Each structure stands twice: as C-alpha cells, then as structure tokens.
Amino acid sequence: MDIRVNDELTLKKPHPCGGHVFSVLRTGMDFKIRCQNCGREVMVPRANVEKRIKKVVREGVEVNVK
C-alpha cells in the first residue's frame, strides 16, 4: 500500500480521544501518526495501520485504498 508522509488517514477504529483522522509523520516498518483531534503522536506497526484504513487523503485528493 502506498502511504506517504503528510497523508491524512481515516481509520476504522478511533483514538481514545474520539478522533478518526491521523496525519502520517513517518513511514517504514512502523508508522508514526498524529491524531488530528488531540495532537498525540503514536508509533504503530505498518500491518496494524494498513488493515484499519478506511480512506487516504493526499494533498486534498482522496486516493484509492486498495
């Protein structure tokens, strides 16, 4: 799956604060993502993020997920 830095991910499972939208800060075997609701940054394994993605927005344009 082609996920890049600065993409906005809408995930199926919300963050504990209630936010579903995250910004990608770093990619690799793990993703570093920031919650758009509260600003918390977390490191999550790539496999966990890829199976929870609903939508990817890159530069204001929605990208096909699969």
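Trainee: Which residue in β2 is the bridge partner of Leu-9?

Mentor: Phe-22 is the partner of Leu-9 in β2. Keep in mind that this is a predicted model.

Trainee: What makes β1 and β2 a pair of strands?

Mentor: Two strands count as paired if there are at least two bridges between them. β1 and β2 (residues 21-26) are joined by 3 bridges and run antiparallel, so by the cut-off of at least two they pair.

Trainee: What makes β2 and β3 a hairpin?

Mentor: The two strands pair in the antiparallel sense over 4 bridges, with β3 covering residues 30-35, and 3 residues lie between them. Gly-28 in that turn has a positive phi of about 145°. Within the pairing, Phe-22 has Cys-35 as its partner in β3.

Trainee: Where is the other turn with a positive phi, between β5 and β6?

Mentor: At Glu-59, with a phi of about 55°, in a hairpin that has 2 residues between its strands. β5 and β6 (residues 61-63) are antiparallel and share 3 bridges; Arg-58 stands opposite Val-61 there.

Trainee: Why are β4 and β6 called edge strands?

Mentor: The open sheet has 6 strands in the order β4-β3-β2-β1-β5-β6, with antiparallel pairing. β4 and β6 each pair on one side only, which is what being an edge strand refers to here. Neighbouring strands of this sheet are turned by 35° against each other on average, direction ignored.

Trainee: Why is the contact between Arg-58 and Asp-7 called a salt bridge?

Mentor: The closest N and O atoms of Arg-58 and Asp-7 are 2.9 Å apart. The cut-off is within 4 Å, so the contact qualifies. Arg-58 lies in strand β5 and Asp-7 in the segment before β1, so the pair ties together parts that are 51 residues apart in sequence.

Trainee: Are these two residues buried or exposed?

Mentor: Both Arg-58 and Asp-7 are buried, and buried stands for a relative accessible area under 20%.

Trainee: Why are Arg-4 and Asp-2 called partly exposed?

Mentor: Arg-4 has a relative accessible area of 44%, and Asp-2 is at 44% too. Arg-4 forms a salt bridge with Asp-2, their closest N and O atoms being 3.2 Å apart. Asp-2, Arg-4, Asp-7 and Arg-58 are linked in a network of salt bridges.

Trainee: How many salt bridges does the structure hold?

Mentor: It holds 6. One of them joins the side chains of Glu-41 and Arg-34 at 2.5 Å, N to O. Glu-41 is partly exposed at 34%, as is Arg-34 at 33%.

Trainee: What makes up the lining of the largest pocket?

Mentor: The lining divides into 8 nonpolar, 2 polar and 2 charged residues. Among them are Leu-11, Phe-22, Ile-33, Val-42 and Arg-52. The largest share, 3 residues, comes from α1. The volume of this pocket is about 190 Å³.

How values were computed. Residues are numbered from 1 along each chain as its sequence is written. This is a predicted model: local features need pLDDT of at least 70, side-chain atom pairs count only at pLDDT 80 or more; totals for chains, interfaces and linings use all residues. Side-chain values use heavy atoms; hydrogens and water are left out. On a 1 Å grid over the protein atoms alone, a cavity is a set of points where a 1.4 Å probe fits but cannot get out, and a pocket is an open set with protein on both sides within 12 Å along at least five of seven lines; lining residues have an atom within 4 Å of a point. Grid points are joined across faces, edges and corners, and a volume is the space filled by probe spheres set on the points. Ala, Val, Leu, Ile, Met, Phe, Trp, Tyr, Cys and Pro count as nonpolar, Asp, Glu, Lys and Arg as charged, and the others, Gly among them, as polar. Axes are lines fitted to C-alpha atoms, for helices over the stretch in contact, and angles run from 0 to 180 degrees between N-to-C directions. Buried means under 20% relative accessible area, exposed over 50%, partly exposed in between (1.4 Å probe, protein chains only).
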